[in-house]
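I set out to look up a few points in this structure and to record each one with the criterion behind it.

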Amino acid sequence: MNRRNRLVRFVGILARKFRVIEEVWILPWWGSGGLAAIPLMTLDTLVLVVKLFSTCTMAVVKVLIPPALKSLHGETVLITGAAGGIGRELALQFAELGATVICWDKDARRNNAVVDEIRLKDGESYGFTIDLAEREQVICVATQMRRQQTEVSMVVSNAGASFCAPINHLRQESIAKLIEINLLAHFWVIQAFLPAMIERRHGHIIAINSSAGLMPCADMIPYCAAKFGLRGLMDSITEELRLDTWTKNINTTSVYLATVATGFYPQPSHRFTSWYSEITAKEAAKIIIEGVRKNRKEISIPSFMKSLINLNNLMPYRIRIIFTDFFNFRHRGWFCFC
């Protein structure tokens, strides 16, 4: 691994020096077009070929030799919405793997129950009662934790809320609250802890998203809008961190859930429920933590869901909705035609 890192740095240094030579000598001598474009195009093409070859090679190697799971001992994991559902299971399982778990939730009684359960199993855990939709509270609690020398190395932004209704039946206050909890709260939490991760050059941000962030859903417009926004937030943060060599050791993971029995969503009623049914929150948490320990950028439950949706989105609109109606045959769209 060290040899590989030295090689990558060496290639990067050579490329940067070539850019300097090009800007100082080549472009002033030949101008910005014509022959001056040949060295730059040659370098960029060479870099493209090397990147494609190395990426394909590493993908084959990872299939043949799965990456080792990173240790969670010594990690401090902050989990929002830890009082129930997947958040609770994530807190318990992270603690079992040796991490210090910090639980955030606005339900003080259930949140403290999770903390007590972890401590009964000789785990280290702390709980804070907080409304994530209130930015001032997030900043206040994060500052309090820093004063207590609590450095968060992993953030699991899990808290969310949902209800189903046509948009004309929603009050403005309800729409604003859904957007605050399902999108803006992720901004506040990430902004509170990402700077310290960048300073230490170590960290991991995990956002729990939904299939509603991949495809439109009727009667859930504010929820879908927030989840699509969360998808954009995580993709953009990933790209921003990738372009800064100082933050290359900060990982991101987006989790897309569809078939998890948390009690927050109606049971699936699609045509192929016999092929894959709901799994428990405990099973989902196990899959998520395994993916996090492998530093995966995206985790989908079920595993094929995101690939299937991406393939569906490549189709023309009318073909896409025909397949969607066939898949959700109990939905009212089954009786509609384009």
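The entries below cover the basis of the model, the sheet, selected helices and single residues.

**Basis.** I worked from a predicted model, in which local features need pLDDT of at least 70, side-chain atom pairs count only at pLDDT 80 or more, and totals for chains, interfaces and linings use all residues. Residues are numbered from 1 along each chain as its sequence is written, and side-chain values use heavy atoms, with hydrogens and water left out. Helices (H or I, at least four residues) and strands (E, at least two) are DSSP runs, numbered from the N terminus.

**Sheet.** I looked up the strand order first. Seven strands form an open, parallel sheet in the order E3-E2-E1-E4-E5-E6-E9. Its edges are strand E3 (125-129) and strand E9 (298-301), each of which pairs on one side only. On average, neighbouring strands are turned by 15° against each other, direction ignored. Two strands are taken to pair if DSSP finds at least two bridges between them.

I then checked two of the pairings. Strand E1 (residues 76-80) and strand E2 (residues 100-105) are parallel and share five bridges; Ile 79 has Cys 103 in E2 as its bridge partner. E4 and E5 are also paired in the parallel sense, over four bridges, and Val 156 stands opposite Ile 206 in E5.

**Strand E5.** How many residues of E5 are buried? I found eight of its eight residues buried, where buried means under 20% relative accessible area, exposed over 50% and partly exposed in between (1.4 Å probe, protein chains only). One side carries Gly 203, Ile 205, Ala 207 and Asn 209, the other His 204, Ile 206, Ile 208 and Ser 210, and both faces are covered.

**Helix H7.** I compared the span of H7 (residues 221-242) with expectation. Its 22 residues reach 32 Å from first C-alpha to last, close to the 32 Å expected at 1.5 Å a residue; the expected span is 1.5 Å times one less than the number of residues. Its buried residues include Tyr 223, Cys 224, Leu 230, Leu 233, Ile 237 and Leu 241. Among the elements covering the buried residues of H7 are helix H6 (172-200), strand E5 (203-210) and strand E6 (250-257), contact being heavy atoms within 4.5 Å.

**Cysteines.** I searched the whole structure for disulfides (a pair of cysteine sulfur atoms within 2.5 Å) and found zero. Cys 224 counts as buried, at 6% relative accessibility.

**Thr 100.** This residue is in strand E2. With a relative accessible area of 15%, Thr 100 is buried. Leaving out residues up to four places away in sequence, Thr 100 touches Glu 75, Thr 76, Val 77, Glu 124 and Tyr 126. The side chains of Thr 100 and Glu 124 are joined by a polar contact of 3.3 Å. Such a contact is a pair of N or O atoms within 3.5 Å; within protein, one must be able to donate a hydrogen and the other to accept it, and residues adjacent in sequence count only if both atoms are side-chain atoms.

**Lys 286.** I located Lys 286 in helix H8. Is Lys 286 buried or exposed? Its relative accessible area is 59%, so Lys 286 is exposed.

Technical notes: Axes are lines fitted to C-alpha atoms, for helices over the stretch in contact, and angles run from 0 to 180 degrees between N-to-C directions.
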